[in-house]
Amino acid sequence: MNPIRRYTLPAVAALALGATTAQAAERWNMSAEQPDGNYITVTAREFAEDVNKATKGEVEIKVHSNSVLFKRQEVKRAVQTGQVQVGDMLISFLGNEDPIFEVDAVPLLARDFDAAWKLWQASREKLAARLEKQGIKLLYSVPWPPQSIYTKKPVSTIADFKGMKFRAYNAATARLAELMGAVPATVNSGDVPQAFGTGLIEAMITSPATGVDTQAWDFSKYYYDVKAFIPKNVAMVNARAFAKLSPDAQKAVMAAAERAEKRGWELARTKTDDLVATLKKNGMEVGPAPAAIEAELGKIGGIMADEWLKKAGADGKAVLDAAKR
């Protein structure tokens, strides 16, 4: 006896419909930069779960953490070409492509989360428009904690940085190192311990989150809490992949992105003090920058803001004006 005859016609129809639905599900991969313990990756995983639930399984996102799929310099291109549907990356890394992307890396422009949020709101539309022209849709942002200075030996003036090998992770931090008299060396966050260990770098400016992720106490001793700026990671999706979704699924994905952004910013605010405390607990000497260094950083910030405005033109001025309102 043919087994299919054991089912009623309505049951067979339901099975066929279920198969069609399963085939219609979109399975996306997401390249996340940071390790699983980092709250930016935690936010990405929660976003993926939220999307799956909100779309009732129409969109399933698998998060691949710690840059195992693509390195930072490869992420935007991978999303643009559809090698991966969703990517999360430090947006200021794209500063050489367009200065609007690196506005959050201009030192002393936004040193606390309230100012950083205003700057994000002022720049978001222009940043999204540039990505859209390249076939990419902006999803959400998550800020890093304020960026501060790590060194192997104590410093008291900017002159102490002269000739020091200083980690850079984008064009803005490379320029900052140059203006401090240091020698910039581009190093991805995952390679920081080895770079310190081999003498490739002797100091860096980065967040307490990266300090904890890399166990900075193993290779540096001093943490100067200068809070120079607050950069952001941005999650983005291939526009063609997004356009394939049903209208309801598109709305659900964007609503989930809005919730992810809210969670990510809240996590950044709540975790920053704990991360700094972890550095101190593990033996690092934590404190504010000496007054002489703070004063020189103020001058450097002014120089870099002027340089950025010259590059960014009218759009850049509009962003800064909006952020000041």
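Predicted model: local features only at pLDDT ≥ 70, side-chain atom pairs only at ≥ 80, totals over all residues.
In soluble globular proteins, nonpolar side chains tend to be buried together. Here, the largest nonpolar core comprises 88 residues. Trp28, Phe47, Leu139, Tyr140 and Phe161 make the most contacts inside this core. Helix α10, spanning residues 291–324, supplies the largest share, with 10 residues. A second core is separate and has 15 residues. Its members include Phe196, Met204, Trp217 and Met284.

Leaving aside residues up to four places away in sequence, Phe47 touches Ile61, Leu139, Tyr140, Val253, Ala256, Ala257, Ala260 and Arg263. Two of these partners, Leu139 and Tyr140, are also among the residues with the most contacts inside the largest core.

Empty space was then considered. Rolling a probe the size of a water molecule over the atoms shows where such space is left. The largest pocket has a volume of about 300 Å³. Its lining consists of 15 residues. Glu33, Asn66, Ser67, Ser189 and Gly190 lie nearest the pocket centre. By class, the pocket lining has eight polar, five charged and two nonpolar residues.

One cavity of 30 Å³ or more is present in the structure. The largest cavity holds about 80 Å³ of space. Its lining is formed by Arg72, Leu90, Trp144, Gln147, Arg167, Tyr169, Ser189, Thr206, Ser207, Thr210 and Pro231. These residues divide into five polar, four nonpolar and two charged.

Definitions and conventions. Residues numbered from 1 in each chain as written. Heavy atoms only, no water. 1 Å grid on protein atoms, 1.4 Å probe; cavity = no way out; pocket = protein on both sides within 12 Å on 5 of 7 lines; lining within 4 Å. Points joined across faces, edges and corners; volume = space filled by probe spheres on them. Nonpolar A, V, L, I, M, F, W, Y, C, P; charged D, E, K, R; others polar. Core = buried A, V, L, I, M, F, W, Y, C linked by side-chain atoms within 4.5 Å. Buried < 20%, exposed > 50% of the residue type's maximum accessible area, 1.4 Å probe, protein only. Helix = DSSP H or I, 4+ residues; strand = E, 2+ residues; numbered from the N terminus. Contact = heavy atoms within 4.5 Å.
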